[in-house]
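This briefing sets out what can be read from the coordinates below. Topics follow in groups, with single residues treated before the overall picture.

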Amino acid sequence: MRDKRMTADEVGSEIKDGMTVGIGGWGSRRKPMALVKAILKSNAKDLTVVTYGGPDVGLLCAAGKVRKLVYGFVSLDTIPYDPWFKRARETGAIEVLELDEGMFQTGLKAAAHRLPFLPIRAGLGSDVLKYAPELKTVRSPYDDGEELVAMPALKLDVALVHLNRADRHGNAQYLGPDPYFDDLFCLAADRRYVSCEQIVETFDGPPQTLLLNRMMVDGVVEAPGGAGFTSCVPDYPRDEARQREYAEAAADLEKWADFEKRLLA
Amino acid sequence: MSDITRAEICVTACADLFAGAGETLASPMGLIPSLGAKLARLTTEPDLLLSDGEAFLLTPESTVEGWLPYRQVFDVVAHGRRHVVMGANQVDRFGNQNISAIGDHAKPTRQLLGFRGAPGNTINHRTSYWVPRHSPRVLVEAVDVVSGVGYDRAVGPFHDIHRVVTNLAVLDFNTPDHSMRLVSTHPGVSVDEVQKQTSFPLTATDVVETRLPTDEELELIRTKLDPDAKRDKEVPS
């Protein structure tokens, strides 16, 4: 079996200008921050970032990496609003596709299943469709004739996810309470990179925790603390002090350069 | 029991949102709606399902009775056995809600959370709103961005905006054109005051006073659910 171990910087160098990059986790939870930092250090630009957004969004916006953002929300959980995301939006710096959370999942699922779209009710009547006129509806071909949103596939060039454990072949395990949508991100992407707290020879715990198998993964990065400051339970909770420091620096441009330098050191 | 606070009245008004819900997932956002849902489960709605806000369903004794990661929450949303109580940066006369952005969506004056699950929630199952600071800036004539879908834009078979509970009053949409109606004002609040704090005219016939918590409810709120009185920070008396 193949050994897929690589470094975070090697993953960073795989990200090319204009790519669509899906980022796993949820809000400020189990974000692949070590891989996001590798993008910050790379020359990649004009990215389309697809994410249930947390500080990954703010950091990439701060570095000017984002051309377009596809999201259902951006939040730091214990801090409702991310200052960098707010700034990027309020200055019109980024193009956006803002979706309902369920539409977002449905788009990933369509991509994972190699379908052009999947139907969903969410979005009807709301302004999601108003601000994304490229989204179409479809009428049920059955007797009900119901009109539904035809959520297009959210195809990804690259998926970046962080799990608790992985082996060198790309099988990977989550040990927290929620898998989030990391498996879907991988199935929706051409190139799939997983960072983990620890690379192991064999897995402990129930087999249901083995979220990713090696068919779904192209590269494995051992990155202890690689989700920090977001949470990666049970290995560690969110580092609220560091998150506050991030948010304060993000809200005050005079503090930002120094914070970013320390973050990437 | 005496010295009933406004926050406690809001908690029981939120508990009453779940009357008759039975085996339904209650998804309250914010402290007061959460206390309300827990109170309902301990009193009139023992069959209610409650999540810890992460991935577990918990009994009132905080033992895990189920697993509900986000992917399964989305299944419940589509399946429909859910009553969400969302916040609202803006809510309008027909129950449209905005948690996305203030101003022009292309370049907002104030970016908020995003659509989150509001479009899917409101099109799939019962939805109520909690407004801790009832003011003309929140109760607006028309929302800037439609996140949650109101009655004038409702489509599909499952749209059901139930009530709006605020720090001043309880409102619903039980009028011929589904515009907002004042159901009850909290003790000490006048109909005029609610109208003054609302940017559009409310239907206000047969307005009653919001009920007071019972002694049993007060005991549960004060000793079991919120002994540190965090509720008073969300709604000062």
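Arg211(B) is partly exposed, because its relative accessible area of 31% falls between the limits of 20% and 50%. The model is a predicted one.

**Surroundings of Arg211(B)**

- When neighbours within four places in sequence are left aside, the contacts of Arg211(B) are Ile9(B), Thr12(B), Asp16(B) and Glu217(B).
- Lys224(B) comes 13 residues away from Arg211(B) along the chain, and 21 Å separates the C-alpha atoms of the two.

**Positive phi in chain B**

- Most residues other than glycine have a negative phi.
- Ser62(B) is not a glycine, yet its phi is positive, near 70°.
- The loop that holds Ser62(B) runs between strand E3 (56-58) and strand E4 (64-67) of chain B.
- Is Ser62(B) buried or exposed? Ser62(B) counts as exposed because its relative accessible area is 54%, and the cut-off for exposed is over 50%.
- Asp206(B), also not a glycine, has a positive phi of about 55°.
- Asp206(B) belongs to the loop between helix H5 (191-196) and strand E15 (208-209) of chain B.
- With a relative accessible area of 70%, Asp206(B) is exposed.

**Cis peptide bonds in chain A**

- Most peptide bonds are trans.
- The bond from Gly228(A) to Phe229(A) is cis, and its omega is near 10°.
- Phe229(A) lies in the loop between strand E11 (219-222) and helix H8 (240-251) of chain A.
- Val233(A) and Pro234(A) are likewise joined by a cis peptide bond, with omega about 0°.
- Pro234(A) is found in the loop between E11 and H8 of chain A, the loop that also holds Phe229(A).

**Interface between chain A and chain B**

- How many residues of chain A are in contact with chain B? The contact involves 41 residues of chain A and 38 residues of chain B.
- The size of an interface is often given as the accessible area lost when the parts come together.
- For chain A and chain B, the buried area is about 3300 Å², and 53% of it is on carbon and sulfur atoms.
- Of the area that chain A buries against chain B, 17% comes from Tyr81(A), Arg89(A) and Arg121(A), more than from any other three residues.

**Chain A as a whole**

- Chain A contains nine helices and eleven strands.
- The radius of gyration of chain A is 18 Å, which agrees with the value near 18 Å for a compact globule of 265 residues.
- Along the principal axes, the C-alpha atoms of chain A occupy a box of roughly 55 × 50 × 30 Å.
- Buried residues make up 62% of the 265 in chain A.
- Among the contacts in chain A with a separation of 6 or more, 73% are between residues 24 or more positions apart.
- Chain A has an accessible surface of about 10700 Å², and carbon and sulfur atoms account for 50% of that surface.
- The side chains of chain A include 34 positive and 40 negative ones, and 3 Å separates the centres of the two sets.

Note on methods
Residues numbered from 1 in each chain as written. Chains lettered and ligands numbered in written order. Predicted model: local features only at pLDDT ≥ 70, side-chain atom pairs only at ≥ 80, totals over all residues. Heavy atoms only, no water. Helix = DSSP H or I, 4+ residues; strand = E, 2+ residues; numbered from the N terminus. Rg over C-alpha atoms; globule rule 2.2 N^0.38 Å. Buried < 20%, exposed > 50% of the residue type's maximum accessible area, 1.4 Å probe, protein only. Contact = heavy atoms within 4.5 Å. Areas by Shrake-Rupley, 256 points an atom, 1.4 Å probe, with all protein chains shown as cover. Lys, Arg positive; Asp, Glu negative; His and termini not counted. Charge placed at Lys NZ, Arg CZ, Asp CG, Glu CD. Buried area = accessible area lost by both parts, 1.4 Å probe.
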